[in-house]
Amino acid sequence: GRLSKLTTDILRLSKLENQTTVSNKTRFSIDEQIRKILLVLEPEWTKKNIELNIELDSVYYFGSEELMAQIWQNIINNAIKFTPEGGKISVKLFRNEKNISAEIWDNGPSIAPDVKAKIFDKFYQGDRSRATEGNGLGLALVKRIIELSEGSIEVENDMKKGGVCFRISLPYLIEDMM
């Protein structure tokens, strides 16, 4: 199973690295997509008794539904993986005139500066104790999809609440949404 996932992720990343634009664009609801992914991952967060705080504005987006799903799947799955038993995860989605923004926060351990600098590199795994749970390609895929979508992603340790927050920004182009 792990070998199959690794092969799929390598092929997907290789394909994305050779793309210059996103194809198969459709108009879809990002908030609904995130809700569905949270439902798919429900056994994982329920098993760890994680408290979810979900604030999702109704947001439509024109892009690849399949690629966007990869973003939310990878980041939320990582949040669940690194959140301690009985911990908390917050998922927020909102938009303004120019951007669609998502914030995924968990109260798991902070990310060391040397790890943070490499977190989006292919095959990099900051937490070697969890090396059997992934292949180090998830965040590299996420970053490439966001780059192709002309967006941005940043990760920071939350100094107020503790834990880690991933912030994603995607362009909101009204003419594309119609």
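Student: Glu147: what's its relative accessibility, and how does that count?
Tutor: This is a predicted model. In it, Glu147 has 39% relative accessibility and counts as partly exposed.

Student: Which residue does Glu147 form a salt bridge with?
Tutor: Lys143. The closest N and O atoms of the two are 3.7 Å apart.

Student: And where do Lys143 and Glu147 lie?
Tutor: Both are in helix H6, residues 138-148. They sit four residues apart, about one turn of the helix.

Student: Take Arg35 and Glu32. How far apart are the closest N and O atoms?
Tutor: 3.6 Å, in a salt bridge between Arg35 and Glu32.

Student: Why are those two separated by about one helical turn?
Tutor: Because Arg35 and Glu32 are three residues apart in helix H2.

Student: What's the accessible area of each?
Tutor: Arg35 has a relative accessible area of 33%, so it is partly exposed. Glu32 is partly exposed too, with a value of 36%.

Student: Staying with H2, which of its residues are buried?
Tutor: H2 spans residues 30-40. Its buried residues are Ile30, Asp31, Gln33, Ile34, Ile37 and Leu38.

Student: What does the face turned away from the buried side carry?
Tutor: Exposed residues: Lys36, Leu39 and Val40.

Student: Switching topic. How many salt bridges does the count come to?
Tutor: Seven.

Student: What does Glu103 form a salt bridge with?
Tutor: Arg167. Their closest N and O atoms are 3.3 Å apart.

Student: Which parts of the chain does that pair link?
Tutor: Distant ones. Glu103 is in strand S5, residues 99-106, and Arg167 is in strand S7, residues 164-171.

Student: What about accessibility for Glu103 and Arg167?
Tutor: Glu103 has a relative accessible area of 22%, which makes it partly exposed. Arg167, at 25%, is partly exposed as well.

Student: At 22%, why isn't Glu103 called buried?
Tutor: Because buried means under 20% relative accessible area, and Glu103 has 22%.

Technical notes: Residues are numbered from 1 along each chain as its sequence is written. This is a predicted model: local features need pLDDT of at least 70, side-chain atom pairs count only at pLDDT 80 or more; totals for chains, interfaces and linings use all residues. Side-chain values use heavy atoms; hydrogens and water are left out. Buried means under 20% relative accessible area, exposed over 50%, partly exposed in between (1.4 Å probe, protein chains only). A salt bridge is a side-chain nitrogen of Lys or Arg within 4 Å of a carboxyl oxygen of Asp or Glu.
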